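Good morning, and thank you for coming.

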Amino acid sequence: MAGDLLHNWQKKSGERRKLYKQFLARADKNKTLRQLPDLHEEAFEKVDCLACARCCKSFSPRFKTPDVKRIAKVMGMRESVFIETYLRVDEEGDFVVKSSPCPFLGADNHCSVYEDRPSDCRRFPYTDEDVLIKRPVLTLKNTEFCPITYYVIEKLMAAQR
C-alpha cells in the first residue's frame, strides 16, 4: 500500500473515529456524492485488495436468494445443499457464511466464485455509493478494517474543509 496517507491507516482510523462520525453527520451529501467516483477509483489504484482481503477474512456478505441460486448453479450444487454446506442464518435473518475466512477465499486471496460473487461483495466497500453517507455506522466500521474506506473518508474530509 503506497502513500503517506495509508501509512499506519488502522491506528489512525481508530484515533479519528469520532471525527469521521462528525464528518458523516454533517457532510454535504451532493458534494460528497460528486466526489465519490473519482476518490473510489483513486483508492483502488493505491490499495491492492489481494494483498489485504480483510473483508473476506473477517466478515461475511449477505447471500440473497439470487446470489444463492447463481453460485449454487455455478458450483453444480442444489441450492439446499449449497446453503447447508456453506451458509447459516444470522441475527438479522440473512444468509451469511458459516465460517471465517470465507470458504471461497483461496490462500492467494483470490475468490473462487469471483465472477459470480454475492452482490454485497461486488459493491463492497460502498465507496462509490450513497451508502457511504446513508449508513454511517457501516461506514465507520469499514474505516477500521478496509484501507479503501479509510482512504476515501480521509480524502473527503480534506476536500471539504
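**Packing and cysteines**

Setting aside neighbours within four places in sequence, L156 is in contact (heavy atoms within 4.5 Å) with F23, T32, Q35, L36, L39 and L132. Please note that this is a predicted model, in which local features need pLDDT of at least 70 and side-chain atom pairs count only at pLDDT 80 or more, while totals for chains, interfaces and linings use all residues. Residues are numbered from 1 along each chain as its sequence is written, and side-chain values use heavy atoms, with hydrogens and water left out.

L156 belongs to the largest nonpolar core, which has 26 residues. By such a core I mean a set of buried Ala, Val, Leu, Ile, Met, Phe, Trp, Tyr and Cys residues joined through side-chain atoms within 4.5 Å. Buried is under 20% relative accessible area, exposed over 50%, and partly exposed in between, with a 1.4 Å probe and protein chains only. L6, Y20, F23, L24, V152, I153 and L156 touch the most other members.

Two or more residues come from each of α2 (17-26), α3 (29-46), α9 (131-134), α10 (136-145) and α11 (147-159); helices here are DSSP runs (H or I, at least four residues), numbered from the N terminus. The most, seven residues, come from α11. Another core of 12 residues lies apart, including A53, I71, V97 and L105.

How many disulfides does the structure hold? There are zero, a disulfide being a pair of cysteine sulfur atoms within 2.5 Å. The sulfur of C52 is too far for a bond, because the closest cysteine sulfur, in C146, is 6.6 Å away. C52 is buried, at 11% relative accessible area.
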